[in-house]
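User: I am new to this structure and would like to learn how to read it. Can we go through it one feature at a time?

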Amino acid sequence: ISGETVGEVRIVADMHERKAIMAQEAEAFIALPGGFGTMEELLEMITWSQLGIHKKPVGILNVDGYYNSLLQLFDIGVKEGFIRPSARQIIISAPNTRELLAELEQFTPFNEHVAPQESWQIQQNHH
């Protein structure tokens, strides 16, 4: 990673606004290895997909197996009945960018939402 800015830099009031803008404008969400903030954003995008707030792919770049334990936790959640098998399919994982992008291009939106999409509307931000 070069450390150079890629794309547009926006100043936002808080994390909620950041995530709302990201959800509105992104074509997909990809989590690279990171800390709690990355994981929190990843889990929120997975949850928003499950709730029908967005219909965009959620990818995990699983470099050197960094996310293996988290993916295993999701599988345990399915086995124990806390996560629907269909909801587990929201997460697309691959060990490198080439495979991840190929899988993201084949993405089929998750359609078994917990709540009707109409009940979850992201308000437009006017700046």
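User: Is leucine 32 buried, partly exposed or exposed, and what decides that?

Analyst: This is a predicted model. Burial is judged by relative accessible area: under 20% is buried, over 50% is exposed, and partly exposed lies in between. Leucine 32 has 39% relative accessibility, so it counts as partly exposed. This leucine 32 sits in the loop between strand 1 and helix 2.

User: Which residues make the nonpolar surface patch?

Analyst: Ile30, Leu32 and Leu101 make it, and the patch covers about 250 Å². For the surface of the whole chain, the figure is about 8,700 Å², with 54% supplied by carbon and sulfur atoms. Buried residues make up 33% of the chain's 127 residues.

User: What pattern does the chain follow along the sequence?

Analyst: It reads α-β-α-β-α-α-β-α. That gives five helices and three strands.

User: How do I read the sheet, and in what order do the strands lie?

Analyst: The general idea comes before the case. Strands of a sheet pair through backbone hydrogen bonds, either parallel or antiparallel. Here three strands form an open sheet in the order 1-2-3, with parallel pairing. Strand 1 (29-31) and strand 3 (91-94) are the edges, each pairing on one side only. Neighbouring strands are turned by 25° against each other on average, ignoring direction.

User: How many bridges join strand 1 to strand 2?

Analyst: Three bridges join them, and strand 2 spans residues 58-61. Follow the partners across. Phenylalanine 29 stands opposite valine 58 in strand 2. Alanine 31 has isoleucine 60 as its bridge partner there.

User: Which residues of strand 2 are buried on each side?

Analyst: Again, the general idea leads. In a regular strand the side chains alternate between the two faces of the sheet. In strand 2, Val58 and Ile60 lie on one side, Gly59 and Leu61 on the other. All four are buried, so both faces of the strand are covered.

User: Where does helix 2 lie?

Analyst: Helix 2 (residues 36-51) lies across strand 1, strand 2 and strand 3. Its direction makes an angle of about 150° with strand 2.

User: How many salt bridges does a search of the whole structure find?

Analyst: It finds six. One of them pairs arginine 18 with glutamate 41, with the closest N and O atoms 2.6 Å apart. Arginine 18 belongs to helix 1 (residues 15-25) and glutamate 41 to helix 2, so the pair ties together parts 23 residues apart in sequence. Arginine 18 is partly exposed at 38%, whereas glutamate 41 is buried at 13%.

User: What does lysine 19 meet in a salt bridge?

Analyst: Its partner is glutamate 44, at 2.5 Å from N to O. This pair links distant parts of the chain: lysine 19 is in helix 1, glutamate 44 in helix 2, 25 residues apart. Lysine 19 counts as buried, at 7% relative accessibility. Glutamate 44 is buried too, at 18%.

User: Which residues are linked in a network of salt bridges?

Analyst: Glu8, Arg10 and Glu25 are. Arginine 10 is partly exposed, at 37%. Glutamate 8 is exposed, at 62%.

User: And what share of contacts joins residues 24 or more positions apart?

Analyst: Among contacts with a separation of 6 or more, such residues account for 69%.

Note on methods: Residues are numbered from 1 along each chain as its sequence is written. This is a predicted model: local features need pLDDT of at least 70, side-chain atom pairs count only at pLDDT 80 or more; totals for chains, interfaces and linings use all residues. Side-chain values use heavy atoms; hydrogens and water are left out. Two strands pair if DSSP finds at least two bridges between them. Helices (H or I, at least four residues) and strands (E, at least two) are DSSP runs, numbered from the N terminus. Axes are lines fitted to C-alpha atoms, for helices over the stretch in contact, and angles run from 0 to 180 degrees between N-to-C directions. Contact means heavy atoms within 4.5 Å. Patches are made of residues with over 30% relative accessible area and no salt bridge: like charges are joined within 9 Å, nonpolar side chains (Val, Leu, Ile, Met, Phe, Trp, Tyr) within 5 Å. Accessible areas come from the Shrake-Rupley method with a 1.4 Å probe; for residues, only the protein chains shown count as cover. A salt bridge is a side-chain nitrogen of Lys or Arg within 4 Å of a carboxyl oxygen of Asp or Glu. Buried means under 20% relative accessible area, exposed over 50%, partly exposed in between (1.4 Å probe, protein chains only).
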